[in-house]
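Please read it alongside the structure.

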Amino acid sequence: MHLERWLTTDCVRAALGDPPRQTTIQVLQNALLDRWFARAHPAIPAIVFGPLALAALGLAQRRLEAGTLACAFAVGFLAFSLLEYALHRFLFHHAFGTERSERITAFLTHGYHHTYPNDPGRLVLPPLLTLPLAALVAFAYSLCLPLAVAEAVLAGTVTGYIAYDSTHFWLHHGRARSTLGRWCKRYHLLHHHDRTLGRFGVTTPLWDIVFGSYLPTRRERREVEAHVPRRPA
């Protein structure tokens, strides 16, 4: 497998079911590439994309009425939450095969996070990868929407992305000080530690409810579990 040549022995071991007992491992053999293409500080999304969201919102508010601006922003925010859910459920938890190459691909796609969920350096994608994706989204919006509306929707989408990464980091490393906060942490951590497959929403359980993957956070849920597929052991 050509991809395997770029990976460390620890990474391959973890992908094949024998992860080193650490909180983090190096993925790429080249330490420089690993640092810039496979690792990022969790504050990076807010630092890099916060100004972009503010700039897009500032441009849009010059040409849109307040109500239209708010609606377009909300649509963009909601659109990202739906994208977050769809990627998490259908790409990250795609049923990869059992061949060696497929197991490695599954590990690199999302398995690393489930194996090392508290590694703060790999909770967000590096800007070298996310900036081109943001440019593609901005271009698509500009093609499909009036420019001012596209700017407002883009601001909402980018804000949704920042909210997602900030929330995800807090769910793993923050301290819950309210009933809602404790519920949110439990909801996400059960996604990691409960063998029942569900709870794909990170920033909101909305799409889990809409698409039938919502599961309660209480232990008493036998009737629900009977109808939900389980992860392989």
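**Notes on the model**

1. The largest pocket has a volume of about 1200 Å³. A pocket is an open set of points on a 1 Å grid over the protein atoms alone, where a 1.4 Å probe fits, with protein on both sides within 12 Å along at least five of seven lines. Points are joined across faces, edges and corners, and the volume is the space filled by probe spheres set on them.

2. This is a predicted model, in which local features need pLDDT of at least 70 and side-chain atom pairs count only at pLDDT 80 or more, while totals for chains, interfaces and linings use all residues. Residues are numbered from 1 along each chain as its sequence is written, and side-chain values use heavy atoms, with hydrogens and water left out.

3. The lining of the largest pocket comprises 38 residues, a lining residue being one with an atom within 4 Å of a point. Those nearest the pocket centre are Phe92, Val124, Leu125, Leu129 and Thr130. Two or more lining residues come from each of helix 4 (66-92), helix 5 (100-115), helix 6 (127-144) and helix 7 (147-173); helices are DSSP runs of H or I, at least four residues, numbered from the N terminus. By class, the lining has 28 nonpolar, seven polar and three charged residues (nonpolar: Ala, Val, Leu, Ile, Met, Phe, Trp, Tyr, Cys and Pro; charged: Asp, Glu, Lys and Arg; polar: the others, Gly among them).

4. Arginine 89 belongs to helix 4 and is partly exposed, because its relative accessibility is 24% (buried is under 20%, exposed over 50%, partly exposed in between, with a 1.4 Å probe and protein chains only). Beyond neighbours within four places in sequence, arginine 89 contacts His94, Phe200, Phe211 and Ser213, contact meaning heavy atoms within 4.5 Å. Its C-alpha atom is 8.3 Å from that of glycine 198, 109 residues away along the chain.

5. Arginine 199 lies in the loop between helix 8 (179-193) and helix 9 (206-211). Its phi is positive, about 55°, although it is not a glycine. Most residues other than glycine have a negative phi. Arginine 199 is buried, at 0% relative accessibility.

6. The model has zero disulfides, a disulfide being a pair of cysteine sulfur atoms within 2.5 Å. For cysteine 144, the closest cysteine sulfur, in cysteine 71, is 19 Å away and therefore too far for a bond.

7. Mean pLDDT (the predictor's confidence in each residue, from 0 to 100) is 91 for the chain, with 93% of residues at 70 or more. Residues 220-229 have pLDDT below 50. Where pLDDT is low, the predicted coordinates should not be read in detail.
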